[in-house]
Amino acid sequence: MRVRIKICGLTRSEDVRFASGLGVDAIGLNFFPPSPRFLDVAAARGVRASIPAFVTSVAVFVNPGEDEVRRVIEEVGVDMLQFHGTEAASFCERFGLPYLKAVGMRDGIDPAAAARAHPAASGLLLDAHDTERWGGTGRTFDWSAVEGGVGRPIVLAGGLGPENVGEAIRRVKPFAVDVCGGVESAGGIKDESRLKAFVESVESVGFDRTE
């Protein structure tokens, strides 16, 4: 089965066009101000306009206010939301759009419990734990913790790049993979050669999710 690909933290229209041309499934736009990949609403509108039909636009938030999320939905026009902080299910569900819930993986975290706490989530995005940057750290986590699944589609993130995404897919068997810093030349600036290599690495791996 094909593993879907999300490229996160894009800040330039030319990177969106290149990634979309490679056949990626989703583009993540970052609305967390401390991030070097942060987009304000005006900049995000320009980047969003470069995302073609049938490629999902994902707005990424960390513990936002309701008004902030609604403004992005109304003024940018995204397809999906991603909540990367400590947001409760009742908050994530109030916007009328599908959403991903990120889980920072560390000792003592049970992603299956997070899945139960967010029954309406379209999937769980599993990332390396970091309460300052909330993602985009370039670090992996212990994949063995989720090799048996979590009862919900897994979007695997955290330190992925062309060099290790094949192994990650073979071990975790995720529904999708999410890459940010692993395909960059600088914060928010994607490297075309690494983007291409990442997509090729994902596409080279096949597996049966029913195993």
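Which strands make up the closed barrel, and with what pairing? The barrel has eight strands, running β1-β2-β3-β4-β5-β6-β7-β8 with parallel pairing. From one strand to the next, the twist averages 25°.

A few notes on reading this predicted model: local features need pLDDT of at least 70, side-chain atom pairs count only at pLDDT 80 or more, and totals for chains, interfaces and linings use all residues. Residues are numbered from 1 along each chain as its sequence is written, and side-chain values use heavy atoms, with hydrogens and water left out.

Helices (H or I, at least four residues) and strands (E, at least two) are DSSP runs, numbered from the N terminus. Two strands pair if DSSP finds at least two bridges between them.

Strand β6 covers residues 123-128, and six of its six residues are buried (under 20% relative accessible area, with a 1.4 Å probe and protein chains only).

Helix α7 (residues 192-203) lies across β1 (4-8) and β8 (176-179), running at about 155° to β1. Such angles run from 0 to 180 degrees between N-to-C directions, with axes fitted to C-alpha atoms, for helices over the stretch in contact (heavy atoms within 4.5 Å).

Technical notes: Buried means under 20% relative accessible area, exposed over 50%, partly exposed in between (1.4 Å probe, protein chains only).
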